[in-house]
Amino acid sequence: MKKTVTTLVCLMFVCQVHSQNAVHEWEGEVKQAATLIGSDPEAAEDAFDELLKGKNKKNVALLVDIGNAYLKEGDVKTAKEYAERAKAVDKECAFAYILSGDVAMAQNDLNLASIEYNQAIYFDEDCCEAYLKYADVYQGVNPQLSIDMLLRLREKTPGDTRIDKRLGKLYYETGEYGMAIEAYDDYMKAGMPDAQDYTHYATLLYLNKEFHESLATAQKGLAMEPNWVLMRLLMYNRYETGDYDGALKEAESFFAPSDSADYVYLDYVYYGRLLGKHSLYDDALKQYEKALALDSSKVEIYREISGVYEEQEDYPRAIEAYRTYMDARHSSADLGELFLYGRLNYFAAADSTLKEQKAIYLSEADQAFARVAEYAPDNYLGSFWRARTHSLLDPETTEGLAKPYYEAALAVLEQKPDASVPLLLECLSYMGYYYFLKGDYPTSKAYWERILQIDADNQPAKAALEIFK
């Protein structure tokens, strides 16, 4: 056990030294000569040749350091030559292959870079820098390869927080927000996070719908330094946690600079939602218009606009916006959207100020609810709202237009132990009243009695049953 712990400690130490470039006795001279690479390359070459005399003639570490100096100054060709010289001295020197990989990266040859870094790992499986650089090669091309390499490294050095930070970023890029948060959790606890780290972490938490945690993280980051993204997240997270007053204050600060600031469409969407929560509907609509101006492809904004008009009971405009939303998607609306569209038309039909268009709204509502019932026969919603729609067509229940739909809805509701009591009562009441009007008193009485079995104090049922005595 003691040996295992000692090995881990040594590995961590080696990784840290390698990643930070070990300090050698010739470091100062290499740095001084490196300043001449751009201005006087011959003088730089002479200085390096002088360093490589005597005992340093075959000094692999020195050759690599000189190669890195040339690479840093942009002389890729000479850097490559020194990498090859280092390999010639020691063909198993991991850092010579790392230098070759860095040269390949500078030439944008990702395939060669990955081969060189892999060679470094082959010759020194504990060379942490090679693992990290290999992961860097593929992070934008094949993130999973980067993740796999970092996981291999973490098994060797579980305490290296740099690995957790990189894993967090890669998981984020692949949409694995939960995994990204888990990786960042370790880094944020054991590492030395800066404001940028808090920004990444707060963003991840927000995307994973951990709004309270994201808010707290954003506040910590802002305590370190001003940050535009974190200010945005304060507004988003306060809205999502229901702190609409606090969110509105954050929004006012966030939008204070000017409309020329670097805003994104979602900023205006959240501002519109906040203004809507404070019943500032005209101002909310203006924000949604700004959001669409920034990105007209975000057709879901029309759904938000529809919601504002619905709050104002302006059903014609609510319907128009919602229809624009559904049409813009260029695909069949899902059942939830069809249902919401049907409800808007139902409310419009029930609005006494819109009598002239009542038939049109009822037809639209019925078609929408019919499709819901067709595609989800085990769901009561389609039949139930078709029943309500037909009740508007037959308000006196003289024709019984709603009867088949209330019966269908009731059949579904009665199969659900947790069915809504008000919905059951509405269905049963309609049926009881319908059969009463038809003079079928035994059937009518049976429905009223079923109501009392559900709600013993139901006054309409009691009154109806009194008639039958």
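I begin with helix α23, which spans residues 403-413; helices here are DSSP runs of H or I of at least four residues, strands are runs of E of at least two, and both are numbered from the N terminus. Its buried residues are Lys403, Tyr405, Tyr406, Ala409, Leu410, Val412 and Leu413. Buried means under 20% relative accessible area, exposed over 50%, and partly exposed in between, with a 1.4 Å probe and protein chains only. These buried residues of α23 pack against α22 (381-393), α24 (421-437) and α25 (441-454), where contact means heavy atoms within 4.5 Å.

A word on the basis of these values. This is a predicted model, in which local features need pLDDT of at least 70 and side-chain atom pairs count only at pLDDT 80 or more, while totals for chains, interfaces and linings use all residues. Residues are numbered from 1 along each chain as its sequence is written, and side-chain values use heavy atoms, with hydrogens and water left out.

I turn to salt bridges, each defined as a side-chain nitrogen of Lys or Arg within 4 Å of a carboxyl oxygen of Asp or Glu. The structure holds 23 of them. Lys403 counts as buried at 17% relative accessibility, whereas Glu407, at 30%, is partly exposed.

Which parts does the bridge between Arg388 and Glu426 tie together? The side chains of Arg388 and Glu426 meet at 2.7 Å, N to O. Arg388 belongs to helix α22 and Glu426 to helix α24, so the pair ties together parts that are 38 residues apart in sequence. Arg388 is partly exposed at 21%, and Glu426 is partly exposed at 23%.

In helix α2 (residues 27-34), Lys31 and Glu27 are also 4 residues apart, and their side chains form a salt bridge of 3.7 Å, N to O. Lys31 is exposed, at 54% relative accessibility, while Glu27 is partly exposed, at 29%. Elsewhere, Glu84, Lys87 and Glu116 are joined in a network of salt bridges.

Finally, the axes of helix α10 (residues 161-173) and helix α11 (residues 177-190) come within 8 Å and cross at roughly 155°; axes are lines fitted to C-alpha atoms, for helices over the stretch in contact, and angles run from 0 to 180 degrees between N-to-C directions.
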